[in-house]
Amino acid sequence: MQFSPELQSYIKLVLTSYQNYTGTTLAKDINDLYTADFVSASHCFYDDNITRFVFANLKAQELWQMTWDEFLGLESKYSANPNHRSARDELLARVKQEGIIYNYSGIRVSKTGQEFLVKDATVWNVNDSEGKLLGQAVSFCDPF
């Protein structure tokens, strides 16, 4: 898979932010993260107060039953059914405040409408080198 230089730079920030919060390494680079044996995805904040996915590794694509092209640019709220979005919003607000949340569990939905339980997820803020909040990322073991 060929990744744009902008996405490669952003994923470096995802990985650096993770390491800063946890003290551990999630992946060595974008290629390692893309093919990892765990689910990982990230959304960015946009001026219109909408979060859109900018990255979803192969395990995330499989779980949400979406291709790379379907995932990218999708409003991240659509990763959950409407009746679970308020809980999702509360989680993301907590992450904004605290920087990282461990052991998160919540219901999400695939493109085909199949609900699944995300459990023991780590969700963290993605910051640039000056500490500006750019987005958030998640990783968890595949529930299959």
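Residues are numbered from 1 along each chain as its sequence is written, and side-chain values use heavy atoms, with hydrogens and water left out. In this predicted model, local features need pLDDT of at least 70 and side-chain atom pairs count only at pLDDT 80 or more, while totals for chains, interfaces and linings use all residues.

The lining of the largest cavity (residues with an atom within 4 Å of a point) has Ser79, Arg88, Leu92, Arg108 and Val138 nearest its centre. Strands E1 (39–45), E3 (100–109), E4 (115–127) and E5 (133–140), together with H5, each give two or more residues to this lining, and E5 gives the most, with four.

The largest pocket (an open set with protein on both sides within 12 Å along at least five of seven lines) has Phe45, Asn49, Ile50, Thr51 and Lys96 nearest its centre. Helix H5 (residues 85–98) gives the most to the lining of the largest pocket, with five residues; helices (H or I, at least four residues) and strands (E, at least two) are DSSP runs, numbered from the N terminus.

| Site | Volume | Lining |
|---|---|---|
| Largest pocket | about 310 Å³ | 13 residues: five nonpolar, three polar, five charged |
| Largest cavity | about 230 Å³ | 19 residues: twelve nonpolar, five polar, two charged |

A volume is the space filled by probe spheres set on the points, which are joined across faces, edges and corners. Ala, Val, Leu, Ile, Met, Phe, Trp, Tyr, Cys and Pro count as nonpolar, Asp, Glu, Lys and Arg as charged, and the others, Gly among them, as polar.

How values were computed:
On a 1 Å grid over the protein atoms alone, a cavity is a set of points where a 1.4 Å probe fits but cannot get out, and a pocket is an open set with protein on both sides within 12 Å along at least five of seven lines; lining residues have an atom within 4 Å of a point.
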